[in-house]
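User: Can you walk me through this one? I'd like the details residue by residue.

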Amino acid sequence: MALTLERVALPYTRGMLEQSPAAPQRPLSRAALAQWWRTWWRSLSPVRQDRFAALAPLAAVLIFMAAIVAAFWYLRVEEGEREQEALRRDIEYAQQRVRLRLLERQEQIMRIARDLSNQDMERTQFGQRAESLVSQYPELQAITWIDERGRVRASHAAPTLAGSQVRVAGEVLKPGATADNFGLTRDLQQPVYAQPAADPNETVPLLQVLVPLNVQGKFGGVVLGEYSIDSLLRYGTPTEVLARYAVTLLDDKGHVLAGTPLPARNRAAQWVPWSAKANEYAVPISPVGNGLVLRAQAYRTSLGVVGSGLFWLVGTLSAMTAWMLIATWRHTRRRMQAQLALVAETNFRRAMENSVLTGMRALDLQGRITYVNAAFCQMTGWSEAELVGQTAPFPYWPEGEYEQLSARLQDELNGKTVPGGFQVRVRRKNGALFDARLYVSPLIDARGQQTGWMTSMTDITEPNRIREQLSASHERFTVVLESLDASVSVAPLGSEELLFANKLYRLWFGSQTGGHLQLVAQAGVLPASSASASGAEDEDGLMGLPADPLTSAHSENAEIYLPELGKWLEVRSRYLSWVDGRLAQMVIATDITPRRLAEEQTARQTERAQSVSRLITMGEMASSVAHELNQPLTAISNYCSGIISRIHSGNITEEALLTALEKTAHQAQRAGQIIQRIRDFVKKSEPNRQLADVAAMVDEAVELADIELRRHNVRLTHYVAARLPPVMADTILIEQVLVNLMKNGAESIAHAGRPPAGRSVELRVVPRQIEDMQVVEFVVQDTGKGLATEVLDRLFEAFFSTKSEGMGMGLNLCRSIVESHQGRMQAENIYNGPEVTGCRFSFWLPLAAPANDTTEPVANAHTPRTIA
């Protein structure tokens, strides 16, 4: 409203200034302001005038309520200021009374100190005067004479003083607040007021005054006077002040030392605007200073503005006035809203008729056109003037279909309408034809009588074209599915109905759901026949379950064997929403019998290659094995020859004979163990994965490889971490990998011509965590000449070897064995600066799964393949 007022007022004022040059020198008159207001009001549109008129009662209500609130707020503020001023005067008067009382007691204690300094008073006289003062003034609790060394010479305390606060003659001041104040008094040589730290066990907080003794110009001790702060408040504050206010004595931190403060307001009362905070005023008490503050809080004795009858009377009248103004404003607003709604409804209906895409045509009871909308004219190409008033045959009827359309029109006039409408062909003005669907309904006037028929027409040329395309697409899709070399079937969950089955499914299983259910059951996925036992036959047993996570999930694969077909099938299933909204399961079964046969043959070939590789390895180690066996056999021969010669000479005892036979048997056992270990290594056996002890497996491999390494004069060291968990592995195959790697390392060292001190192979077995998986890592490191870059790239390829007599299958088989255990193998050179000082082969095996996970097939673990 302010922007509109400025936009209208400025041109009018500018015109007045142009007509009268002297106008800026004097203010506008009342008549000029009235003329300006009338001009501005007339410049507004009727709608804006109605809006301003509707807002006037609301503005009056707001101004009236603001005036009432401001008046009551002013009265309350004024009353609070008066109460605060009275409180300030009273508390300052009470502060003067307490101050005078403290100064009087200080003067009396200073007289005692002066007599003690002049040595005009003995200990007995001191006790009498202290007793007189303590009994005469209730706020004075104790008077103590302390010499220059901090020792209590004499003391007298009131009976009300706690036992822990009484000072006994002869005791020395303990380190604390009193001792510190004693030192301060000695340094300043003037009276000092102090408040010792409150003891939680003490019931009476005390105020101390220390008056120094000046004996012949030297410090001779102090006279300590102790006041009860509670009694000082009770007897030092005027009774009329105590009756009118809640008076308390506070320390410098705001803690209450004496008196009872007003209770704190609850949290809810803090948000009430008229629940004002209690008036309070605080002033420090001299000569103590800020360490002792006198605070007074005024009791709320008056009812205040809210509690007065005038407030409620004015409030009631104000509420009634506001209610009447609001009622007037609401009535004006409803009338304004009705007018605006009528205009909006008229505009909406007009816009709807002009923008709707459906053609509308009205006929009277004689079949004459009485109304057509813009969409109908646009669809047919004829204008409203050309159509209104026409009778059958209409100009948009195609030639040659007059009889058919006339019959439909007659049925329409007789009330024989089709609820779903009917399809016709319509001719445009340019002669083009299009398909349309007509819906007919009776036209009823305000009195409830039928005056004609209303027809809506929709162009369905494009939907018909799309329907034909969908039909052709469905036919092509069906042909593709029928030609697939895989069985495809779809069945809803919770029902034995078969929604779809292609040609191969019907060839294998027929037209029943049994084959679909058999595939699902053997594949181990959610069965499709999980119907509710208590539900109706036509009711989905899984109704209400969320379908989106199922339909968006990846398909599940499984390989099964069907004896009745004699085939291996790869079964893939996934969930989908059928055209009628039901959750269905699609199963695709592919014949993989040739692939399975090829895989089995490949597995047999691989197993045969592994066995041959072990035989080749032992063949290459034959000389070393022969040398290893020669040692125990030579020892056995020597022991036997020695026994025979000593028996012939008769120079042997039974004990010596028994010892020689035991050594001979030990050497025979050693030879047998070597032969048995070689036999277990090279014998052909079926793959046997079981829980294997890593340490035992490494020991077997080290004993086999150590024979070959000693032949090459290579030192073998190995380290196995303690308490390694078991792995699921074929021990013979893993031993084959370790033996092959250690043997290759020894041969690399021999070819490099390393000196004896630098000929070593190291085997380390430690636990690791790789790709969030706990594994056991095997590392074989040699000191050979390493591998060339082109060799590293092709190291694990089949039939690739750096040896002239090698077949190139050793490392390829090793990697295949490790990967069949879900492990990984890699190789890298060891550098000392730019020089290659050796090679490192490493592979890792995953730990055995927990007991509750051992039933899961190993093939389900999909680990990304990363071979270095």
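**Chat notes**

Analyst: Start just after helix H15, where Gly524 takes a positive phi of about 80°. Helices (H or I, at least four residues) and strands (E, at least two) are DSSP runs, numbered from the N terminus. This is a predicted model: local features need pLDDT of at least 70, side-chain atom pairs count only at pLDDT 80 or more, and totals for chains, interfaces and linings use all residues. Residues are numbered from 1 along each chain as its sequence is written, and side-chain values use heavy atoms, with hydrogens and water left out.

User: Which residues of H15 are buried?

Analyst: H15 covers residues 514-523, and Gly515, His516, Leu519, Val520 and Ala523 are buried there. They lie on the same side of H15, because they cover an arc of only 135° around the axis. The arc is that of the directions from the helix axis to the C-beta atoms. Buried means under 20% relative accessible area, exposed over 50%, partly exposed in between (1.4 Å probe, protein chains only).

User: Why would residues three or four places apart point the same way?

Analyst: An α-helix has 3.6 residues a turn, so such residues point the same way.

User: Zoom out. How many helices and strands?

Analyst: The chain has 23 helices and 26 strands. It has 868 residues, and 36% of them are buried. Take contacts between residues at least 6 apart in sequence: 59% join residues at least 24 apart. Contact means heavy atoms within 4.5 Å.

User: What's the average pLDDT?

Analyst: The chain averages 78, and 78% of the residues score at least 70. pLDDT is the predictor's confidence in each residue, from 0 to 100.

User: Which elements have the lowest and highest mean pLDDT?

Analyst: Helix H1 (residues 2-19) has the lowest, at 37. Strand E24 (residues 773-782) has the highest, at 94. Over residues 1-25 the pLDDT is below 50, and this stretch has 19 contacts in the model beyond near neighbours in sequence. Residues 527-538 also stay under 50, with 16 contacts beyond four places in sequence. Where pLDDT is low, the predicted coordinates should not be read in detail.

User: New topic. How many salt bridges?

Analyst: A search of the whole structure finds 35. A salt bridge is a side-chain nitrogen of Lys or Arg within 4 Å of a carboxyl oxygen of Asp or Glu. One of them joins Asp90 and Arg244, with the closest N and O atoms 2.7 Å apart. That pair links distant parts of the chain: Asp90 sits in helix H3 (residues 46-117) and Arg244 in helix H7 (residues 239-244), 154 residues apart.

User: Is Asp90 buried or exposed?

Analyst: Asp90 counts as buried, at 17% relative accessibility. Arg244 is partly exposed, at 42%.

User: Which residues form a network?

Analyst: Salt bridges link Glu85, Arg88, Arg89 and Glu92 in a network.

User: What does Arg595 pair with?

Analyst: Its side chain meets that of Glu559 in a salt bridge, 2.5 Å from N to O. Arg595 is in helix H17 and Glu559 in strand E17 (residues 556-562), 36 residues apart. Arg595 is partly exposed at 34% relative accessible area, and Glu559 is partly exposed at 37%.

User: Staying in H17, what does the Thr593 side chain reach?

Analyst: Thr593 is in H17, which spans residues 593-620. Its side chain reaches the backbone nitrogen of Trp568 at 2.8 Å. A polar contact of 2.8 Å also joins the side chains of Thr593 and Asp591. A polar contact is a pair of N or O atoms within 3.5 Å; within protein, one must be able to donate a hydrogen and the other to accept it, and residues adjacent in sequence count only if both atoms are side-chain atoms. Thr593 is buried, at 15% relative accessible area.

User: Last one. Where does Glu412 lie?

Analyst: Glu412 lies in helix H12 (residues 402-413). It is buried, with a relative accessible area of 6%. Its side chain makes polar contacts with the side chains of Arg361 (3.4 Å) and Thr455 (3.0 Å). Leaving aside neighbours within four places in sequence, Glu412 is in contact with Arg361, Leu363, Val440, Trp453 and Thr455.
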